[in-house]
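Let's take a friendly walk through this model, with an eye on its inner spaces and its backbone. The structure comes up here, and the notes follow it.

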Amino acid sequence: MSIGNEVPGVRPFRRRRIRRSARAANAGAGAGAGVSGAGGAANPTAAERPYPWNLVSDRHQFAAGCVILVAIFVPTISLIVLSTVSGYALYYGLHKYNPPVRAVLDAARAAQRWFFRQVGEAILLDPRDSPYLAWMTASLVTLPPLIKWAYERHADRGFEVSTFLIYHLLRLGPRYRFFAHHECLIHTEGHASKTGFFRNVLNLKAREPVPKWLRRLLFDHINGAVIGPFFGSIPHHYATAHNKIHHRWHNDTGDVHTNMDVDRTDPSSFVLWLPRFILYWTGVSPAVLFWKRGESALLRGLLCGMAYYYALGALVWRTTGTTFWLAYFVYPQLEAASFLGGIAYIWHAFSEESDPSNQYVNSITIVRGHDNIWNEDFHVVHHHEPNVHWTEMPASFRENVMKYVENRATVFGDCEQGVFFAWMFGAKWDDMVDHFVDLNYAFSDGGKNYDVDKLMTVKQIFRRERELCAASGGDAEAAERRLEQFRARLKDMLLRRLRYHYMGDRGEEWKKYNDRLNAGVRDFEKEEVGKQS
């Protein structure tokens, strides 16, 4: 019996570089440090960090991270955890274990979906986006009266912990559903900045976008500028900082919130990294990078969004006072930076030493995810093919699965980002391995794990192989040893990918890689790399 085989014919991943302006190329955004496969960098200097973090010592960054962790990250995430607990209580009490109420709720949900499909058909550029409308409508209808209620309570009685908790729990929604869908919406809104979501309803013969001037004035910013301040979102941030920095370098050193220079198995690395995402989310570090690279159009776009957001904040502070401003305007931005920072850290936690830029490795894919809003769990598809519609992402994954096999892609199953975060910072590596989906695995009966009807996690592979062994009358002890050896190899591979960072004693190798990075914006090969067998 053969257990734990890998699909043959794995080929190295190739990249294509896209030319960019000489000005952008000359304004290199990385640092020429070394590479360490095991994460063994000794006493790195500030100059080894990517820009702009090479301007500040690690000691100061870590100190700032400690303050952020204690004063911002832990309190804001605690409230999100509270919303999760209350959300599950409602789910179990009103849905899972309450058939009469469940029937009513399911009927209401079906009616809501039907209604917004009709509305979407009439006003959206792509009617498949009709689910967006329900969440946008819920925010537009509920949040203004909710903040009005909170302000009236504050004006009459001063700051109340009870009002603070009620407001933010209602704003977040059960299991932070309102918050999560808003963050996905502004992400999608940023990527749709060329056409927007809405159609020109005056042209009934063809689906064409709303005129550009009207989109720029309102329709491109409904989530970012109207709903966004309730959730700490800066308008036009995704269209500029996210699209033109994160999606340009895909967590390489040109990315202002890269984690490629830290050992992700070490919790202190996250503390060191936290200030990066705070400054990214507030717009500061992207603006600095655009200025440094001379990308004035992107800088203007980002600064316009920042000016709107922070001017609105100044108005709130001026008219309501410092306490209300901190509790109801500043808090949501810190909350978003904390939660999304944690998500960003794990989305790109892995990197292959032999090919650090390989997106199939350094972006996580989750199949059968427990919190897969609009297929965001297909993160490789999102980076590799950002123009693929969210409804088509699972099909893209299936169509290109052999590329995932070739690159020993980082794929997990039957989990979600929050659980993954707990694994990483609780050092629960065995749990992480149990949920890894090794697409290269070949079953003892000849089946391939990349088949669409499989995509099994390691835990499920173990169960299936034991069944096959029992059915065939094979040597159970030998089979178990092979399985454990297979599991140990995977654990070693995942930990190496988590520990890999470019700092260490291989400076010349990294310098050459960094020079290539700064010579042309890296992107994926658009053409087939060869016939798949």
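## Overall build

Of the contacts in the chain with a separation of 6 or more, 73% are between residues 24 or more positions apart. Please keep in mind that this is a predicted model. The chain holds 22 helices and six strands, and 54% of its 533 residues are buried.

An unreviewed UniProt entry lists residues 24-42, 62-92, 270-291, 297-317 and 324-347 under "transmembrane region". Two of these spans can be checked against the model's geometry. Residues 62-92 are 100% helix and 0% strand, with their end C-alpha atoms 41 Å apart. Residues 297-317 are likewise 100% helix and 0% strand, and here the end C-alpha atoms are 30 Å apart.

## The largest cavity

Rolling a probe the size of a water molecule over the atoms shows where empty space is left. In this model the search gives six cavities of 30 Å³ or more. The largest has a volume of about 490 Å³. Its lining is made up of 26 residues, and those nearest the centre are His187, Leu340, Ile343, Trp347 and Glu376. Two or more lining residues come from each of helix H6 (177-191), helix H9 (237-249), helix H10 (267-281), helix H13 (322-347) and helix H18 (417-425).

H13 gives the most to this lining, with five residues. By residue class, the lining of the largest cavity has 13 nonpolar, eight polar and five charged members.

The lining of the second largest cavity divides into six nonpolar, seven polar and three charged residues.

## A buried histidine

Histidine 257 sits in the loop between H9 and H10. Is histidine 257 buried or exposed? Its relative accessibility is 4%, so histidine 257 counts as buried, the cut-off being under 20%. Beyond its neighbours within four places in sequence, histidine 257 is in contact with His246, Asn251, Trp273, Arg276, Phe277, Tyr280 and Ala344.

## Backbone features to look at

Most residues other than glycine have a negative phi, and most peptide bonds are trans. Tyrosine 51 and proline 52 are joined by a cis peptide bond, with omega about 5°. Proline 52 is found in the loop between helix H1 (22-26) and helix H2 (58-96).

The other two places concern phi. Asparagine 375 is not a glycine, yet it has a positive phi of about 60°. It lies in the loop between strand E3 (365-367) and helix H15 (379-384), and asparagine 375 is buried, at a relative accessible area of 13%. Alanine 427, also not a glycine, has a positive phi of about 55°. Its place is the loop between H18 and helix H19 (429-434). With a relative accessible area of 44%, alanine 427 is partly exposed.

Note on methods:
Residues are numbered from 1 along each chain as its sequence is written. This is a predicted model: local features need pLDDT of at least 70, side-chain atom pairs count only at pLDDT 80 or more; totals for chains, interfaces and linings use all residues. Side-chain values use heavy atoms; hydrogens and water are left out. UniProt positions are given in the numbering used here, feature names are shortened, and annotations may be inferred rather than shown by experiment. Helices (H or I, at least four residues) and strands (E, at least two) are DSSP runs, numbered from the N terminus. On a 1 Å grid over the protein atoms alone, a cavity is a set of points where a 1.4 Å probe fits but cannot get out, and a pocket is an open set with protein on both sides within 12 Å along at least five of seven lines; lining residues have an atom within 4 Å of a point. Grid points are joined across faces, edges and corners, and a volume is the space filled by probe spheres set on the points. Ala, Val, Leu, Ile, Met, Phe, Trp, Tyr, Cys and Pro count as nonpolar, Asp, Glu, Lys and Arg as charged, and the others, Gly among them, as polar. Buried means under 20% relative accessible area, exposed over 50%, partly exposed in between (1.4 Å probe, protein chains only). Contact means heavy atoms within 4.5 Å.
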